[in-house]
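Me: I have a chain open and want to go through it piece by piece. Can you start with how the elements are assigned?

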Amino acid sequence: MPTQLDLKRRIRSVRNTQQITRAMKFVAAARLRRAQERAVAARPYARALNAVVRSAVSRIPETAHPLLAKRPEQRVLLLVVSGERGLCGAFNANVLRRAFEFVRGRPSPDRAEVMALGRKGRDALRKQRWTMAAEYVDITARVQAERAAEITKTVMDRYQSGEVDAVYIVFNEFKSVLAQILKLEKLLPIEPAAPGAESEAGAMPVDYLYEQPVG
């Protein structure tokens with residue numbers, strides 16, 4: 001039977017554990033808040049940049065740039081954006097399920113290629129028989145412009161060389177801490193803006209001015 005001293009030691013141990021857990025909770029909450037602020041702050045810039053690109057595409061012919069050339073989608077490349085770790089509910093499962101449905105729904109699934117962006121997606125896609133074009137891990141925890149540029153160049157080179165006829169991406173768009181919006185979007189070829197899509201509240205479409213970089 002435990003003595004009074006043993007009970008006091010156990011109580012003290014539980015209290016110490018509670019203090020450590022509480023500190024870890026505060027640290028996790030601060031990290032989550034910073035990540036949420038970055039995601040929300042970058043969204044208007046991304047949307048505006050997407051509108052500018054699509055607006056420019058709608059004003060030039062398809063043959064003016066290799067990224068605008070349209071070909072029959074016989075060979076496609078799918079970018080699968082997942083997390084680096086598990087224990088996050090259906091966050092990774094939803095992305096992987098949608099990726100599997102997309103590839104298996106293609107006329108020629110054996111000609112589809114996948115690119116894993118995230119460790120959990122990489123591990124799941126390795127078990128499939130599809131061609132793995134590339135894999136990148138440890139990129140979502142700490143976003144780096146150099147890694148993003150490397151991935152972009154790889155995708156663009158494969159499309160411009162004719163190795164793939166279209167590029168898609170599947171990912172979770174942040175809505176709230178407990179909810180994400182599963183999205184599947186086409187990246188290449190770049191689609192022009194739909195008539196009236198770039199205007200807001202009935203405003204006239206904007207005609208942008210473009211300048212070459214100096215130096």
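Reply: Helices (H or I, at least four residues) and strands (E, at least two) are DSSP runs, numbered from the N terminus. Residues are numbered from 1 along each chain as its sequence is written, and side-chain values use heavy atoms, with hydrogens and water left out. This is a predicted model, in which local features need pLDDT of at least 70 and side-chain atom pairs count only at pLDDT 80 or more, while totals for chains, interfaces and linings use all residues.

Me: Fine. Where does Thr131 sit?

Reply: Thr131 is in strand S3. With a relative accessibility of 48% or 41% in mind, the scale is this: buried means under 20% relative accessible area, exposed over 50%, and partly exposed in between (1.4 Å probe, protein chains only). Thr131, at 41%, therefore counts as partly exposed.

Me: What does Thr131 touch, leaving out residues up to four places away in sequence?

Reply: Thr131 touches Ala112, Glu113 and Val114, where contact means heavy atoms within 4.5 Å.

Me: Step back a bit. How many helices and strands are there in the chain?

Reply: The chain has four helices and five strands. Read from the N terminus, the order is α-β-α-β-α-β-α-β-β.

Me: And in what order do the five strands form the sheet?

Reply: The order is S3-S2-S1-S4-S5, in an open sheet with mixed pairing. S3 and S5 (179-188) are at the edges with a single partner strand each, so one side of each has no neighbour in the sheet. From one strand to the next, the twist averages 20°. Two strands pair if DSSP finds at least two bridges between them.

Me: Which strands run parallel to S2?

Reply: S1 (residues 76-81) is joined to S2 by five bridges and runs parallel to it. S2 and S3 (residues 131-136) are also joined by five bridges and run parallel. Leu77 stands opposite Glu113 in S2, and Met115 has Ala134 of S3 as its bridge partner.

Me: How do S4 and S5 run?

Reply: S4 (residues 166-176) and S5 run antiparallel, with nine bridges between them. Phe171 is bridged to Lys183 in S5.

Me: Back to S2. Why is S2 described as largely enclosed?

Reply: Five of the five residues of S2 (residues 113-117) are buried, so the strand is largely enclosed by the rest of the structure. Glu113, Met115 and Leu117 point one way from S2, while Val114 and Ala116 point the other way.

Me: Which helices lie across S1 and S2?

Reply: H2 (residues 91-104) lies across S1, S2, S4 and S5, at about 170° to S1. H3 lies across S1, S2 and S3, at about 160° to S3. Axes are lines fitted to C-alpha atoms, for helices over the stretch in contact, and angles run from 0 to 180 degrees between N-to-C directions.

Me: New topic. Which residues of the largest nonpolar core touch the most other members?

Reply: Leu79, Met115, Val155 and Val167, in a core of 19 residues. S1, S2, S3, H4 (145-160) and S4 each supply at least two residues of this core. Apart from it lies another core, of 18 residues, including Val76 and Leu78. A nonpolar core is a set of buried Ala, Val, Leu, Ile, Met, Phe, Trp, Tyr and Cys residues joined through side-chain atoms within 4.5 Å.

Me: How many aromatic pairs?

Reply: Two. In the Phe102 and Tyr168 pair, the ring centres are 4.9 Å apart and the planes are at 50°, so the pair is tilted. Phe102 is in H2 and Tyr168 in S4, 66 residues apart, and both are buried. Rings of Phe, Tyr and Trp (its six-membered ring) pair if their centres lie within 6.5 Å; planes under 30 degrees apart count as stacked, over 60 as edge-to-face and the rest as tilted.

Me: Last one, backbone geometry. Which residues does the cis peptide bond join?

Reply: Leu188 and Pro189, with omega about -5°. Pro189 is in the segment after S5. Separately, Asp138 has a positive phi of about 55° although it is not a glycine. Asp138 is in the loop between S3 and H4 and, at 48% relative accessibility, counts as partly exposed. Most residues other than glycine have a negative phi, and most peptide bonds are trans.
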